[in-house]
Amino acid sequence: MAEKTNIRELALEVLLLVERQECKLNQALHAQLLKHQYLTKQDRAFLGRLCEGVMEYRIRLDYVVDSVSKTPISKCKPLIRCLLRMGAYQILFLDGVPDSAACNESVKLAKKRGFARLSGFLNGVLRNLARQKECIVYPDREQQPRKWLSVWYSLPEWLVCQWCDQYGWERARLMAAASVETAPLVIRRNPLRCSEETLKEVLEQEGISLLPVPVNEAMEQVLPMWVQKQVEDIAARLERVDYLSRYDSFQKGLFTVQDVSSMIPGILAQREIVEKKQREKTPLLVLDMCSAPGGKTAHVAACLDETDCLIARDVSAAKVEKIQENLERLGITNVQTQVQDGREYTKELENQVDVVLLDAPCSGLGVLGRKKDICYSMSLQQQEQLTELQRELLLVAARYVKPGGSLIYSTCTVNCGENGENVEWFLEQRTDFSVGEQYQLLPGVMPLDGFFVAQFRKQKE
């Protein structure tokens with residue numbers, strides 16, 4: 001009889017890859033799930049929760065372990081460090097797992113991986129935690145509000161300070177809380193393949209619930225009504241989903257996974273395209289400079305006809321291949337894909353493009369609810385480097401825009417330095433541009449991912 005797969009060992013392998021910075025969590029977890037597709041739904045759920053939970057609460061887990069251990073977790077070997085976090089997460093957060101099992105299984109894995117001499121240390125720390133878990137003293141919320149935010153929601157203290165300085169403590173708290181909440185699965189319906197009614201019928205037959213996306217007052221205050229109506233028409237939330245790629249509705253391109261916030265650039269671009277067509281009645285040229293994985297490209301392409309041209313670019317062949325895969329699945333045929341670094345200028349397109357989309361590389365701090373490991377590898381220095389890159393890309397993008405055309409700039413971060421401050425800087429550099437629509441979307445404050453969008457218009461000659 002085949003030996004039963006050890007789910008905790010699979011989780012350990014995933015977390016070690018992330019710990020050694022060999023892979024992002026979502027990539028490592030996805031690869032592990034693909035490799036073990038025979039796992040039951042329950043086992044897949046446990047694997048996902050253990051990996052994601054350890055990553056979501058890494059700073060708090062380290063704080064708690066340090067409070068019951070004579071050796072700081074930072075001094076431990078990577079494998080022991082991962083096992084301590086896995087055990088601590090099970091003890092603190094998984095009521096269905098007995099504390100004894102969390103300790104014993106961690107010790108077994110240490111021995112199996114060649115760390116028998118450290119199994120006693122591991123066992124002692126986890127059993128101390130199990131005994132003392134109700135007595136752990138955390139930073140005082142009133143006396144040390146920023147330290148408390150950092151530990152409780154597992155965010156680097158420099159990031160907490162940045163959010164507090166830019167948005168105030170209460171908004172920072174809501175954003176921090178969103179980083180450890182399960183993000184909803186939001187999709188954009190593909191109008192080329194189905195109506196809203198057809199999509200709902202097909203998904204119901206597959207056992208999937210199709211629900212409206214949530215909206216709150218803060219979101220309504222930021223997004224104009226016409227944008228909200230567009231969102232209502234194309235966006236939905238899915239529940240009772242197992243493994244997306246297994247569903248015919250996904251394979252046949254009836255929808256694409258895309259959060260509401262990242263639909264906004266496509267919505268702005270589509271309105272610009274429709275209005276230009278009505279005014280000028282000539283073929284349009286659209287350029288998406290950093291297109292992968294292609295969600296915004298597909299969104300915009302749906303409103304173009306055969307006489308128009310949409311060019312989708314990204315920096316590597318692997319990224320462009322991903323764009324092509326998504327476009328093919330969604331039935332998009334009117335897009336030219338190209339491998340090109342956005343910093344490289346194409347002279348032939350100077351002053352020729354009606355709409356340029358620039359979804360720039362950024363710190364990604366708006367999507368921590370989906371990719372918490374981002375915050376552990378990001379730094380203030382990296383943010384500054386990204387800001388320089390974004391400004392370089394903006395200047396290149398501006399040269400492509402024809403007089404009267406638009407440049408739509410977006411990031412999936414909430415850092416003002418990469419967003420509003422870049423807008424001000426760009427307008428100083430290019431006085432022939434003005435800014436129109438501009439939205440800063442904040443996770444937790446609003447029921448969506450953090451995102452920034454600004455639409456610039458170039459003066460007519």
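Lys281 sits in the loop between α15 and β5. In this predicted model, Lys281 has a phi near 50°, a positive value in a residue other than glycine. With a relative accessible area of 68%, Lys281 is exposed.

Arg240 is another residue to look at for its backbone. Although Arg240 is not a glycine, its phi is positive, at about 60°. You will find Arg240 in the loop between β3 and α14 (248–251), and at 58% relative accessibility Arg240 counts as exposed. As background, most residues other than glycine have a negative phi, and most peptide bonds are trans. On the peptide-bond side, the link from Ala292 to Pro293 is cis, with omega near 5°. Pro293 belongs to the loop between β5 (285–288) and α16.

**Two helix pairs**

Two packed helices are described by the angle between their axes and the distance between the axes. Here are two pairs to compare with the structure on your screen.

| Helix pair | Angle | Axis distance |
|---|---|---|
| α4 (residues 58–68) and α5 (residues 78–93) | about 95° | 10 Å |
| α8 (residues 145–152) and α9 (residues 157–167) | about 125° | 9 Å |

Let us take α8 and α9 to begin with. Their axes pack at an angle of about 125°, and that makes α8 oblique to α9. The crossing of α8 past α9 is right-handed. On the α8 side, the contact is made by Arg146, Lys147, Leu149 and Ser150, while α9 brings Glu157, Val160, Cys161, Cys164 and Asp165. Sorted by class, this contact of α8 with α9 holds four nonpolar, one polar and four charged residues.

Now for α4 and α5. Their angle is about 95°, and α4 and α5 are therefore roughly perpendicular to each other. From α4, the residues Arg58, Arg60, Leu61, Asp62, Val64 and Val65 meet Leu84, Arg85, Ala88, Tyr89, Leu92 and Phe93 of α5. The contact of α4 with α5 divides into eight nonpolar, no polar and four charged residues.

**Helix α13 and its two sides**

Which residues of helix α13 (residues 225–234) are buried? They are Val227, Gln228, Val231 and Ile234. Looking down the axis of α13, you would see these buried residues fall within an arc of 140°, so they line one face of the helix. What covers the buried residues of α13 includes the strands β1 (185–189), β3 (235–239) and β10 (433–441), together with the helices α12 (217–222), α15 (260–280) and α16 (295–301).

**Val215, a loop residue**

Where is Val215 placed? Val215 lies in the loop between β2 (209–211) and α12. Is Val215 buried, exposed or partly exposed? At 45% relative accessibility, Val215 counts as partly exposed. Leaving aside residues up to four places away in sequence, Val215 touches Glu220 and Pro447.

Methods:
Residues numbered from 1 in each chain as written. Predicted model: local features only at pLDDT ≥ 70, side-chain atom pairs only at ≥ 80, totals over all residues. Heavy atoms only, no water. Axes fitted to C-alpha atoms, helices over the stretch in contact; angles between N-to-C directions. Helix = DSSP H or I, 4+ residues; strand = E, 2+ residues; numbered from the N terminus. Parallel < 35°, antiparallel > 145°, perpendicular 65-115°, else oblique. Left-handed = near helix turned anticlockwise from the far one by under 90°. Contact = heavy atoms within 4.5 Å. Nonpolar A, V, L, I, M, F, W, Y, C, P; charged D, E, K, R; others polar. Buried < 20%, exposed > 50% of the residue type's maximum accessible area, 1.4 Å probe, protein only. Arc of directions from axis to C-beta.
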